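Below are my entries, in the order I looked things up.

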Amino acid sequence: IESQNLRIFYAMSVFFSIRLKRSSEKHRTGVFGQSVWLEKIPEIKFGKTFGFFAVILIPFISNQYLKIMYWSIPDIPDTIVARKNSKWNTPWVWLTVLALLFIAALIVVLWLKISPFYLLIPVGVWGAALLYRFILSMNRSAAADAWETEKSNIRKKWTDWAQRSIVLVDSHTILPEPLSLPDVITQASGGRNADLFLFPRDEDEDLWRSGYPYVAEHFYQKLSELAEYRQPVTLHIDAPDEEAYLNWQQRFEEISEMAGVRATIKPLSDGESLMGDWVENRQFEGIHVIFSAWLNEDASDAEFTENATWLVFASPYAAKQNKLPVKAVLQRPIAISLSDETAQNKSFGHYADYALKNRTVHAAWFTAPPKDTQQYVGKLRQAGVSWNDNFDLPLIHTPEPYTGQLPRESHWLTLGLMAENSDQQNQLFGWQKDGNLYMGCLIHQNSAA
């Protein structure tokens, strides 16, 4: 369905100023490198509006059928290419032909002793051929220029689509003592920490009575601040299981009432699709908070360093209308399949060409094994991504050597650390899930980088 629609829309944009003639011949066109056959194109003249119409509808159709996280940016074909001048198409060749025709006509006139006016026939034929060649050349040149302009418009539309973003209004991340957020972000403490760190709790009390209240208290002030914006609040809780979600739900219902905030509380089941929906629907209502907290059930048998992250998002429209603070913007994420090497390379190329167009990457955060991280960075470099190798700050951030073992689902913590890292402007993030690499870019608005 997608390739069929793209074929039609490309035909509209390519030939917006060219009248197509009926043809019984078959023409082969490759939009995604596939073989598409067209025949008997009807005679019709498309308006320039169709070029923009096609570009607007392509993302819509692609997103409907391929979901929002997967990108389906087509290769823009060189349908009309300006032809190079032939070595025979020069003034000297044309003048030589005219001279030869005139000499031949003169010999015929003298041999047959006919009227000298017949000498005008070869001159007229030569002039008609020259005029035809000039018109044909101008037509081809105009068509090629028109297609180049249309290609630029298409690329701009796709770039705008790829760089669409949502607003990060606020963030807050807490780690257990003695961990320091600045040290973890700047990787200044040497690393290779094998210890695990936990939030304080009473040994005689269970996690619900001791650990949860300690974390919740840290976010009471953040929840209170949301009341100032006078916007509906939706709290999406990322929890490892249903029991943990119900505990957090009860805690936040209590502190929401204390803070005077009417919040709708929901479990966060698919955060990747949720972010994609927000980016696609740029005028979504209200303020949305993603809260992620990971605590060990048994402090004596801890499996990871505990952490909690608070991320507040709003649409660009809501932020502008309600004068919300803008801490950073989160650009449209992409899902890259890790099972198909060819498709993977193409996706990295599209992300570099469109999402990172005219941007320099200052930092990258990948929650993936070091070998995979190096592979992703290498593919981005190969795709032409510009990196700012500022040796005062780390280019590739790896929190675990500084925090100790983190839980398996630590990508929201990664986003929280990125949000606190205001010294680096354009920061890539990525994590592996369900055979895909989910990748995006967080851009700080008031960064010194």
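**Aromatic pairs**

I began with Phe366 and Tyr376, and both are buried (under 20% relative accessible area, with exposed meaning over 50% and partly exposed in between, using a 1.4 Å probe and protein chains only). I am working from a predicted model, where local features need pLDDT of at least 70, side-chain atom pairs count only at pLDDT 80 or more, and totals for chains, interfaces and linings use all residues. Residues are numbered from 1 along each chain as its sequence is written, and side-chain values use heavy atoms, with hydrogens and water left out.

Next I searched the whole structure for aromatic pairs and found 16 (ring centres of Phe, Tyr and the six-membered ring of Trp within 6.5 Å; planes under 30 degrees apart are stacked, over 60 edge-to-face, the rest tilted). I noted Phe199 with Tyr214 as a tilted pair, 5.7 Å centre to centre with 40 degrees between the planes. Phe199 sits in the loop between helix H5 and helix H6, while Tyr214 is in H6, 15 residues apart (helices are DSSP runs of H or I with at least four residues, strands are E runs of at least two, both numbered from the N terminus). Phe199 is buried at 3% relative accessibility, whereas Tyr214 is partly exposed at 26%.

Back to my opening pair: Phe366 and Tyr376 are tilted too, at 5.7 Å and 50 degrees. This pair links strand E11, which holds Phe366, to helix H12, which holds Tyr376.

**Core**

Which residues have the most contacts inside the largest nonpolar core? I listed Val215, Leu226, Ile237, Trp248, Phe252, Phe291 and Trp310, in a core of 34 residues (buried Ala, Val, Leu, Ile, Met, Phe, Trp, Tyr and Cys joined through side-chain atoms within 4.5 Å). Helix H8 gives the largest share of this core, six residues. I also found Trp248, Phe252, Phe291 and Trp310 in one aromatic cluster with Phe219.

**Enclosed helices**

I checked helix H14 and found nine of its ten residues buried, so it is largely enclosed by the rest of the structure. Among them are His411, Trp412 and Met418. Helix H9 is largely enclosed as well, because seven of its ten residues are buried; these include Glu272 and Trp278.

**Charges**

My salt-bridge search of the whole structure gave ten (a side-chain nitrogen of Lys or Arg within 4 Å of a carboxyl oxygen of Asp or Glu). In helix H4, Lys151 and Glu148 lie three residues apart, about one turn, and their side chains meet at 3.2 Å, N to O. Lys151 is buried at 4% relative accessibility, but Glu148 is partly exposed at 39%.

What does the bridge between Glu420 and Lys327 tie together? Glu420 is in H14 and Lys327 in the loop between helix H10 and strand E8, so the pair ties parts 93 residues apart in sequence. Their closest N and O atoms are 3.2 Å apart.

I also noted a network of salt bridges that joins Arg164, Glu280 and Arg332. The charged end of Arg332 sits over the ring of Trp161, 3.9 Å from its centre (NZ of Lys or CZ of Arg within 6 Å of the ring centre and within 35 degrees of the ring normal).
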